[in-house]
Each structure stands twice: as structure tokens, then as C-alpha cells.
Amino acid sequence: MLLKEYRICMPLTVEEYKIGQLYMISKHSNEQSGGGEGVEVVRNQPDTHPQHGLGQLTEKRIYLNSKLPSWVSVFVPRVFYVTEKAWNFYPYTITEYSVSFLPKFSIRIETRFENNNGDNNNVFGDRPTPAESVSHLDILIDPIPDKHYKETEDLSRWVSEKTSRGPLVEGWRKDSTPIMCSYKRVQCSFEVYGFQGKTEDFIHRNIQDILLVGHRQAVAWTDEWHGMSLEDVREYERQIQEQTNSKLKSTQNNNTAAPRPAYSRSMSVTDERSLKKMGVKTMAMSDPSTSTMPHSTVRLNSTPE
């Protein structure tokens, strides 16, 4: 299991981001849905935690077949989705990802939001994350994949009329007011022989891209959500979820999908011979110990927090 902690600062307050986070997640999910892929909201309801109190539980299905690299496509069903469960006890959240036919795959993300510039080394209160496992992400200068760049979301050009903030300049985290930090402790596990290390590294690289894009958008869209009440953003969330689910299901119903392979929930992919015995067609694959990770992006988390 590979554990890392990401720290992403924004020129917002924690109280402001309570609204901004909900707005960004809904809008981002809608933008990522289409062509039979994207995010389907299964449930979104109040939930109570014995330690963290009243919060919100959201369960989603993230469809992403065409975004999988070929070496993964060898052993996944044609109709494929990741289940996301998120518990929002703001300013603390928990998000978990799982795949039914890959019981040894899991991602768990704990998040805490604080009004500082990322200098709390034990924000979760149980144990400090080793310094070598901490990454400070800069939403202004850290690179994102070219396909996700939009001039309207370039924070070096961003100016908020409602808050009179922006644009951001290099070194902004040192003296920006207000400033908050999104602390994310990410545990990733993919216990499949020959793929574990490289796959966990690959997933973390994609999570980093997703976090940068999502937090950039939350800031760039400030004037869209700033001033909304919690009731306002929950209504917006409900409307967008209906649009997103309708868009996804409509496309899926119009497509004639091939029959889904009969996989056991407890299968363990080990080698080509075993796959052929199960009737699974395979393709030539290089030695995992010498192969390099693909460069295409896998959207394992289409709803960044």
C-alpha cells in the first residue's frame, strides 16, 4: 500500500470553500459525463457519524472504459465502473473507491481543510506523514495535462469581481490573504502480482493531476458560487445531478453494448495462461518489471474534492 499526503492551497477561506467545493464537484462531474462515460449519482443523503456528527453521504458510479490503457483492458469487463463513496463531515471528509471484480484494489482519501498555508504537519491528529511522502501542489504553476487547460481557468489571468482577488503571482502562498489548505492523505492499494508498484505510482500521478484541475476550477469559478447559501448550492447540486444522470443513461441506452464477460468477484489476475483458461482473450504484454507506465490519463476520480 502506497501512502502520500497532498497539500493544496487556495485563496479562499474554509467557510467559503464549504460552498465552493459542492459547486465545483457537481459542475466538474457534469462536464466529465458524456458519450456513455462519466459520473452517475446513485445516492446523496444526510448521514451521521459518531465522531464527526451530521454530514452527507454520496455514492457514485464512475464509468471510464475508453480511458483505460490497453494493459488494464486485458482483464476488465467491457462495461466497467468504479464505485465512489464519500462522507462529507466538513471540514473533514472521507472518500473511498472500489471495483467489485477487483477486490484487491482500493483507494482511500482523508481530507481536512484548515485556514493556513499548508504548514500543519499533523493535521489528522494521529501521526505525522513522513516528509518524503508529502507533496505541496501549487494550483498556479504546477503543470496539468494540456487537454485540461482552459484560459478561463488560468489563475495567472483570473480576477474575481465579487471578491476582488486575483490574479495569482508566483510565490502567492507566502503572503496571500485569505488562504486555506486542503490536506489530503491518500492510501492506494492494488495487490496484483506484477502490477502493484507501477500501478500504485500511476494512480498517484493521476490523482495529482485531478487534484490540481479540481482546485484550480474551484478558484476560477469563484464568481459563479460566491454568495450562494448552503440551500442554494444543494438545489444546484440536485439539478446538476439529474442532468448528469440523464446524460449518462441516455447515451448508454442508445449504444448496443457487447455482453459483459462472466467474471468472478474474487478472481485474481496472475498470468496469460490463467486468463486463457477462463476464456479471456489476451494481448501481448511486456515484462511488468521492465515496462513503462502508459502516458494516457485514467480518470479514477472524476469528482475531485
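Here are legends for a handful of close-up views of this predicted model.

**View 1. The β2–β3 hairpin.** Let's start with two strands, β2 (residues 38–49) and β3 (residues 53–63), which run antiparallel to each other and pair over 11 bridges. A hairpin of 3 residues makes the link from β2 to β3. To find one of the bridges, pick out Arg43, whose partner in β3 is Glu59.

**View 2. Helix α1 and its bend.** Helix α1 covers residues 14–32, 19 residues in total. At 1.5 Å a residue it should span 27 Å, and the 26 Å between its end C-alpha atoms agrees with that. Look at Gly20 for a bend of about 25° in α1. Is α1 mostly buried or exposed? Since 15 of its 19 residues are buried, α1 is largely enclosed by the rest of the structure.

**View 3. The largest cavity.** The structure contains 3 cavities of 30 Å³ or more, and the largest of them holds about 280 Å³ of space. Its lining is made up of 25 residues, and those closest to the centre are Ile25, Thr58, Lys60, Ala86 and Glu237. Which elements give two or more residues to this lining? They are α1, β2, β3, β4 (81–89), β5 (92–99) and α6.

**View 4. The cis peptide bond at Pro91.** Here we zoom in on the loop between β4 and β5, where Pro91 is found. The peptide bond leading from Tyr90 to Pro91 is cis, and its omega is near 15°.

**View 5. Ser164 and Pro167 in the β7–α3 loop.** Two backbone details are worth a look here. Ser164 lies in the loop between β7 and α3, and Pro167 is found in the loop between β7 (134–137) and α3 (172–175). Although Ser164 is not a glycine, its phi is positive, at about 60°. With a relative accessible area of 66%, Ser164 is exposed, the cut-off for that label being over 50%. As for Pro167, a cis peptide bond joins it to Gly166, with omega about -5°.

**View 6. Gly227 and Lys162.** Our last stop is Gly227, placed in the loop between α5 (222–225) and α6 (230–254). Gly227 counts as exposed because its relative accessibility is 70%. Lys162 is 65 residues from Gly227 along the chain, and the C-alpha atoms of the two are separated by 8.7 Å.

Technical notes
Residues numbered from 1 in each chain as written. Predicted model: local features only at pLDDT ≥ 70, side-chain atom pairs only at ≥ 80, totals over all residues. Heavy atoms only, no water. Pairing = 2+ DSSP bridges. Helix = DSSP H or I, 4+ residues; strand = E, 2+ residues; numbered from the N terminus. Expected span 1.5 Å × (residues − 1). Bend = angle between axes of the 7 residues up to and from the residue. Buried < 20%, exposed > 50% of the residue type's maximum accessible area, 1.4 Å probe, protein only. 1 Å grid on protein atoms, 1.4 Å probe; cavity = no way out; pocket = protein on both sides within 12 Å on 5 of 7 lines; lining within 4 Å. Points joined across faces, edges and corners; volume = space filled by probe spheres on them.
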